[in-house]
Amino acid sequence: FKQQSADVQDFLIKTSILERLTGELCDAIAERSGSQELIEALDQANLFIVPLDQTRTWYRYHHLFSEFLSHRLRLSTTGVEGTLHQIASRWFENQGFLNDAIYHALAGQDWVHAAHLIGQILGDKLKLGETITIINWFKNMPEQIVLALPELGLGYAWALLLVSKL
C-alpha cells in the first residue's frame with residue numbers, strides 16, 4: 001500500500017466502501033476519471049483485486065485487503081465514509097441496482113433516501129418472500145423513520161408476521 005502513489009492510495013481508501021467496483025462507480029466515488037484504467041493496472045500488478053466477470057467490468061478487493069483499506073478510511077478521514085456511501089447509493093440507484101443502493105443509503109445513514117428506495121421495491125420483496133432482507137433493512141433504520149411512513153411500517157409488520165409463521 002505504501003509503495004503506491006498518494007493518488008492511488010486515496011483511490012483505494014475511498015473505494016474501500018464498495019463490495020464490488022467498476023470504473024464508472026469508482027470515478028463517482030473517488031471524484032476522478034480514468035478509474036477503469038487504474039483498476040486494470042492494479043489487476044495486472046496482482047494488487048489484491050479480483051475480477052468478478054469474464055469481461056473484467058466488475059472487480060472486488062481481496063477480503064483482507066478490503067478490511068485493511070476500510071480501517072485506513074476510518075483512521076484517515078472523519079465524516080467522509082457516510083458521504084462516500086451516499087454517492088454510491090445514488091450511483092447504484094441510477095444504474096437500477098436498488099438492493100445495492102439501499103445498502104449504501106443505510107450505511108451512509110441517509111435514512112430518507114433509504115426509505116424512499118425501500119418503498120420502491122418493498123411490495124416486490126414481500127411477494128418474493130425476501131422477508132429477512134426487509135427485516136434487516138428496517139433494523140438498520142431509526143424507528144421514528146419507519147413509524148413516520150405508514151407504508152413502510154405496514155411492510156415491516158408483514159415481514160415480521162411472515163417470518164413468525166415460518
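Contact here means heavy atoms within 4.5 Å. On that basis, Phe 11 touches Cys 26, Ala 30, Arg 32, Ser 35, Leu 38, Ile 39, Leu 42 and Tyr 61, leaving aside residues up to four places away in sequence. The model is predicted. The protein chain has ten helices and two strands. Of its 166 residues, 40% count as buried.

**Overall layout**

- Along the sequence, the protein chain follows the pattern α-α-α-β-β-α-α-α-α-α-α-α.
- The C-alpha atoms fill a box of roughly 55 × 35 × 25 Å, taken along the principal axes.
- Take the contacts between residues at least 6 apart in sequence: 49% of them join residues at least 24 apart.

**Nonpolar core**

- The largest nonpolar core has 46 residues.
- Phe 11, Leu 12 and Leu 18 have the most contacts inside this core.
- Helix H7 (residues 111–127) gives the core its largest share, six residues.
- In soluble globular proteins, nonpolar side chains tend to be buried together.
- Leu 12 sits in helix H1.
- Leu 12 counts as buried because its relative accessibility is 3%, and the cut-off for buried is under 20%.
- Beyond four places in sequence, Leu 12 touches Phe 1, Leu 42, Tyr 61, Phe 65 and Leu 69.
- Leu 12 and Phe 65 are 53 residues apart along the chain, and their C-alpha atoms are separated by 9.8 Å.

**Thr 22**

- Thr 22 lies in the loop between helix H1 (6–14) and helix H2 (23–30).
- Thr 22 has 8% relative accessibility, so this loop residue counts as buried.
- The side chain of Thr 22 reaches the backbone oxygen of Thr 57 at 2.9 Å.
- Thr 57 is also among the residues that Thr 22 touches beyond four places in sequence; the others are Gln 36, Ile 39, Trp 58 and Trp 91.

**Helix H10**

- H10 covers residues 150–164, which makes 15 residues.
- At 1.5 Å a residue, H10 should span 21 Å; its end C-alpha atoms are 21 Å apart, so the two values agree.
- The buried residues of H10 are Leu 152, Gly 155 and Ala 159.
- An α-helix has 3.6 residues a turn, so residues three or four places apart point the same way.
- Helices H7, H8 (131–139) and H9 (143–148) are among the elements that cover the buried residues of H10.
- The face of H10 turned away from the buried side carries the exposed residues Pro 150, Leu 154 and Ser 164.

**Salt bridges**

- How many salt bridges does a search of the whole structure find? There are six.
- Side chains of opposite charge can pair when their charged atoms come close.
- Arg 56 forms a salt bridge with Asp 43, and their closest N and O atoms are 2.8 Å apart.
- This pair links distant parts of the chain, 13 residues apart: Arg 56 is in the loop between strand S1 (49–51) and strand S2 (59–61), and Asp 43 is in helix H3 (residues 35–44).
- Arg 56 is partly exposed at 39% relative accessibility, whereas Asp 43 is buried with a relative accessible area of 12%.
- Asp 110 forms a salt bridge with Arg 90, with the closest N and O atoms 3.5 Å apart.
- This pair also links distant parts of the chain, 20 residues apart: Asp 110 is in the loop between helix H6 (98–107) and H7, and Arg 90 is in helix H5 (residues 80–95).
- Asp 110 is buried, with a relative accessible area of 16%, while Arg 90 is partly exposed at 37% relative accessibility.
- The side chains of Glu 130 and Lys 125 meet in a salt bridge at 2.8 Å, N to O.
- Glu 130 is partly exposed, with 26%.

Definitions and conventions
Residues are numbered from 1 along each chain as its sequence is written. This is a predicted model: local features need pLDDT of at least 70, side-chain atom pairs count only at pLDDT 80 or more; totals for chains, interfaces and linings use all residues. Side-chain values use heavy atoms; hydrogens and water are left out. Helices (H or I, at least four residues) and strands (E, at least two) are DSSP runs, numbered from the N terminus. Buried means under 20% relative accessible area, exposed over 50%, partly exposed in between (1.4 Å probe, protein chains only). A polar contact is a pair of N or O atoms within 3.5 Å; within protein, one must be able to donate a hydrogen and the other to accept it, and residues adjacent in sequence count only if both atoms are side-chain atoms. A nonpolar core is a set of buried Ala, Val, Leu, Ile, Met, Phe, Trp, Tyr and Cys residues joined through side-chain atoms within 4.5 Å. The expected span of a helix is 1.5 Å times one less than its number of residues. A salt bridge is a side-chain nitrogen of Lys or Arg within 4 Å of a carboxyl oxygen of Asp or Glu.
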